[in-house]
Amino acid sequence: MSDLRRVGSHPDFWYPVLHGYKLKPGKVITTAFAGEPIAVARAADGSVFALEDRCAHRQVPLSDGVVCGSSLKCGYHGWEYAADGRCTSVPYLSGDRSRPHGVRAYPCREAYGLIFVFPGDPAKAASVPFPQIPASTDPLYKTRFLDRRIACHYSFMHENLMDMNHQFLHRSLMGSIRPTLLGSSRGADFMEARYTFARVGGSGSLGETLIIGEKKGQDEMVIRTQYPYQTLTFGRGDGKNALDLWLAYVPVDREQRVTASFGLMNIKRPGIPGIIHLFWPFIVWFTEGIFEQDQRVMESEQRAWDAQGEDRNNEVFPVIRQLREVLARNGRPISDSASAPPPAPASQEPTHGLPEVGGNASRGTLSPPPRRAVRRTRVPQVPPAAPDIGPS
Ligand code: FES
Ligand SMILES: [Fe+2]
């Protein structure tokens, strides 16, 4: 397998880029996917739309502009763009003149308190499944939004969560816990591992107990990478899971060495109404502590990769070796987009609708916004699949 840290997240999926509550009506915020700046705006009617965060005129960020109704107006000369990316007004061009094409529009949806964009081929957006997260709309659960920017390649994050053998890292918060792998399964686009846990020393924190409850019966944790998302559930087979976590890892920079992690941590409410609010600060304290420990170690892994220039990991755990194959198979090489700036859209041609200049400028035509071609290169080859892990 080629170096997994050089494999990029495949853009033909729905990725969250922002928590909805952060974007008020009439506001615009800049986000990014793999180095592509994306302006996400909320119209006056509450709907959201996403545009390439570069004005077609002089490439300045549209996120520095102004939302007008359901359009976005650049803050420099006031060119105005509709939610579909068309340039609908150039204030100093009379109405009968043709206008420049516009900017790229990204399919955009809001659900579960998150704003999602589809950064890949827009023609695929309608057919690619949108994430289904039933616990996030189930009143039996209280949801905690996770939002963390981590300076590492997204693959370290998939590996970190799926490899429960790293509980030693969390000894200060969780005592000594011994995980046992119950089994695993995988397919072309997923990897799943199931564990149970035994305490072998120390004691768990209050936050841990509040999330998973007192130990009664066989517990089971299921961690699944369903490309490109990851989930973790924890339960005892006695009804709904005590914990249902959904995560998406969104590459921020072109080299994909910085990842924005968006999570929905759904915790089952205890039987006594309202008591979860009392416990919530302990749950927050505990989970933040765990995530901070994970963040530190994952960023150390990325620094080692940066210093060594390649992946020299000696991974011995079959689950993680198989997970790496799934990630490599479903991603696409970072060099596909990182080695060169993206192609310029047709709107950057300096030929549109200004015949006064020199008297011979060609006349542009009003046409749909350009779609950047999604360049395809060969996905890295991976060795034949290793056998699934059986009960241990
Ligand atoms: S740079 Fe945006 S309108 Fe001129
Ligand atoms: Fe961890």
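**A working chat on the predicted model**

Colleague: To begin with, where is Gln59 found?
Modeller: Gln59 sits in the loop that links strand 5 (48-52) to strand 6 (66-68). Please keep in mind that this is a predicted model.

Colleague: What is the phi of Gln59?
Modeller: Gln59 has a positive phi of about 70°, although this residue is not a glycine. Most residues other than glycine have a negative phi.

Colleague: And is Gln59 buried or partly exposed?
Modeller: Gln59 is partly exposed, because 14 other C-beta atoms lie within 10 Å, and a residue needs 20 or more to count as buried.

Colleague: Which loop holds Gln256, and what is its phi?
Modeller: Gln256 is in the loop between strand 18 (243-251) and strand 19 (259-268). Its phi is positive, at about 60°, and Gln256 is not a glycine either.

Colleague: Why does Gln256 count as buried?
Modeller: Gln256 has 26 other C-beta atoms within 10 Å, so it is buried.

Colleague: Staying with the backbone, is the peptide bond from Tyr227 to Pro228 cis or trans?
Modeller: That bond, from Tyr227 to Pro228, is cis, with omega near 5°. Most peptide bonds are trans. Pro228 itself belongs to the loop between strand 16 (220-226) and strand 17 (229-235).

Colleague: Let us step back. How many helices and strands does the chain have?
Modeller: The chain comes to 6 helices and 20 strands. Of its 392 residues, 36% count as buried.

Colleague: What share of the contacts joins residues at least 24 apart?
Modeller: Among contacts between residues at least 6 apart in sequence, the share is 64%.

Colleague: Which residues touch the most other members of the largest nonpolar core?
Modeller: They are Val40, Ala50 and Val117, in a core of 73 residues. Domain 1 (12-122) and domain 2 (134-330) each supply at least three residues to this core. In soluble globular proteins, nonpolar side chains tend to be buried together.

Colleague: Which residues does Val40 touch?
Modeller: Setting aside residues up to four places away in sequence, Val40 touches Val17, Leu18, Leu23, Val28, Ile29, Thr31, Val48, Ala50, Cys108 and Ile115.

Colleague: How do helix 1 and helix 5 pack?
Modeller: Helix 1 (residues 154-162) packs on helix 5 at an angle of about 150°, and their axes are 10 Å apart. The crossing is right-handed.

Colleague: Which residues meet there?
Modeller: From helix 1, Ser155, His158, Glu159 and Met162 meet Val319, Ile320, Leu323 and Leu327 of helix 5.

Colleague: How far does helix 5 reach, and which of its residues are buried?
Modeller: Helix 5 (residues 318-330) has 13 residues and spans 19 Å from its first C-alpha to its last, close to the 18 Å expected at 1.5 Å a residue. Its buried residues are Val319, Gln322, Leu323, Arg324, Glu325, Val326, Leu327 and Ala328.

Notes. Residues numbered from 1 in each chain as written. Chains lettered and ligands numbered in written order. Predicted model: local features only at pLDDT ≥ 70, side-chain atom pairs only at ≥ 80, totals over all residues. Core = buried A, V, L, I, M, F, W, Y, C linked by C-beta atoms within 7 Å. Buried ≥ 20, exposed ≤ 12 C-beta atoms within 10 Å, placed from the backbone. Domains from an automatic or database assignment. Contact = placed C-beta atoms within 7 Å. Helix = DSSP H or I, 4+ residues; strand = E, 2+ residues; numbered from the N terminus. Expected span 1.5 Å × (residues − 1). Axes fitted to C-alpha atoms, helices over the stretch in contact; angles between N-to-C directions. Left-handed = near helix turned anticlockwise from the far one by under 90°.
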